[in-house]
Amino acid sequence: MSSTLLEVTRSAHEDVERLERLVVRELQREPTNNRERLFQNHRVRNMIDSIINTTHKLIEIYEDKDNARRDEIAVLGGQTATGINLFSVFYDRLKEIREYHRRHPAARVVDATEEFEELLKEEPYVEFSGEEAFGRYLDMHELFNEYINSKFGEPIEYSAYLDTFSHTHKIPLNLKLTRQYRDYLEHILEYLTSFFERREPLQDLGRLFSKVEADFEELWADSKIVGWEKKELENGQISFLESVVDLDYYSTVEELIELGPEKLKEALAARGLKTGGTIQQRAERLFLTKHTPLELLDKKHFAKGSRGSEKNGVNLNSQQIDSNKDIALMEAKMQRLCEILQETMQQTKENVEKKQALTYEEMEAEREEEELPADTESDDEEQQIYNPLKLPMGWDGKPIPYWLYKLHGLGQEFKCEICGNHSYWGRRAFERHFKEWRHQHGMRCLNIPNTKNFNEITSIEEAKKLWERIQERQGLNKWRPDLEEEYEDREGNIYNKKTYTDLQRQGLI
């Protein structure tokens, strides 16, 4: 049975409505992890694209440029070549339907709902590198290698590059106008755009860039773009000679040849020199100006109509200005993407620093753990944990055994009067506190040395009485603070006062 244009229109509207309902159902479902959230967004993005494509087809049908829709409506109204005959049209359509079912007796009615339901179950193909971990981190190693091997880059660590690659205003203007920098900027903008589209498929990147371009035009007209401010000369002209090609960065003619013929032509034209010849001749002609002022060059090197008095203040042509503007606009777009991905950039840096302390096996185990879906809580976990003794929780989220609780004195409170009645929970914490600064400071305030004799002593009166008995037994003159008073450094090493003071004075501890 042939599909009429009106049937195609009805079917398209039905598809749009089904897709809209599926989008709502999909967004109402809460994803369990980052990977599922990413797949959900891409499924919604694919359905939205299908809605847009179907809507465009409907617009073409309603515009009816070939008058096919108008003719079909006229036929349904019974209009024929001989006039209006509703019954003739009706029986013709009935005959067509019967003929179709006669030829296809086993034709099955396709339920479109089942086909659309499969869209919610499919797993979209999203290409991420292993380093990106399904959009959690950035993978900028290729861009990093391109940066450190360029003339405008510097040898830094990858983690430092993640913090500084967006600071394009720190790069000299003359290096920004090279072909190498332009290619690097295109690569980094292409990667950030691709990463953002893969990670946030529901975001409208076109609208975002439109806003960036509108703001950029205003700032560019007022010369307020950071790193692209115009420099005024004494005569009021704008000098771009250094921004075209700064010869201080080139020591040989071969290095200038690497700039390419177009760049050399622009630099020669900016200086009023001839722009013809091979790339070797252009580079040699431009290299002459490195050590010789323009006023002292032979006239044969200058183009016709150029004036020596204006050589230092010549303006760039419109093509060069447009090129500079394009580079500045790419920088603005890149910086806007960096602002949006600021949190991801910080997480990437933390992940890089963490991986430096992990072995390969540990990194593989962590990657597999991240890829595993989060387990749903079982009925046992949802039940309230029975803990009548209020025992502390262990690493597995369950109360620790009672014998372990009694052995270590966990949950038992110890107070030390020497520490200002500070409370210590658990036997281990109480024993450790005798070596801590708080207790040592308290003993020092009592003019009592913090020796092993005073372990387990928490009362000020007991400490004083014990100190008096020690003095009576040893004699007042036998106590030598320099040799017997103990100090502890940050690493836990114990020294007497004299040794500790000497090492501290020498800066060793």
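These notebook entries record what I looked up on helix packing and on a cavity in a predicted model.

**Ground rules.** I number residues from 1 along each chain as its sequence is written, and I keep to heavy atoms for side-chain values, with hydrogens and water left out. Because the model is predicted, local features need pLDDT of at least 70 and side-chain atom pairs count only at pLDDT 80 or more, while totals for chains, interfaces and linings use all residues.

**Entry: α1 and α2.** I began with helix α1 (residues 5–28) and helix α2 (residues 34–63), whose axes lie 9 Å apart at an angle of about 160 degrees. Helices here are DSSP runs (H or I, at least four residues) numbered from the N terminus, and axes are lines fitted to C-alpha atoms over the stretch in contact, with angles from 0 to 180 degrees between N-to-C directions. The pair is therefore roughly antiparallel, a word used for angles over 145 degrees. The contact, meaning heavy atoms within 4.5 Å, takes in residues including L5, V8, L19 and L27 of α1 and V44, M47, I51 and Y62 of α2. By class I noted 14 nonpolar, six polar and three charged residues in the contact of α1 with α2, where Ala, Val, Leu, Ile, Met, Phe, Trp, Tyr, Cys and Pro count as nonpolar, Asp, Glu, Lys and Arg as charged, and the others, Gly among them, as polar.

**Entry: α2 and α9.** I then followed α2 to helix α9 (residues 179–199), where the axes come within 9 Å and cross at roughly 90 degrees. These two helices are therefore roughly perpendicular, the term for 65 to 115 degrees. R37, L38 and H42 of α2 meet E197, R198 and R199 of α9, and this contact holds one nonpolar, one polar and four charged residues.

**Entry: α6 and α9.** Helix α6 (residues 141–148) packs with α9 at an angle of about 165 degrees, the axes being 11 Å apart, which makes α6 roughly antiparallel to α9. I listed L143, E146 and Y147 of α6 against D183, Y184, H187, I188 and Y191 of α9, a contact of five nonpolar, one polar and two charged residues.

**Entry: cavity.** Searching the whole structure, I found one cavity of 30 Å³ or more, a cavity being a set of points on a 1 Å grid over the protein atoms alone where a 1.4 Å probe fits but cannot get out. The largest cavity has about 60 Å³ of space, and its lining (residues with an atom within 4 Å of a point) is Q440, M443, R444, I448, N450, E485 and E486. Helix α21 (residues 437–445) gives the most to that lining, with three residues, and I counted the lining by class as two nonpolar, two polar and three charged.

Notes: 1 Å grid on protein atoms, 1.4 Å probe; cavity = no way out; pocket = protein on both sides within 12 Å on 5 of 7 lines; lining within 4 Å. Points joined across faces, edges and corners; volume = space filled by probe spheres on them. Parallel < 35°, antiparallel > 145°, perpendicular 65-115°, else oblique.
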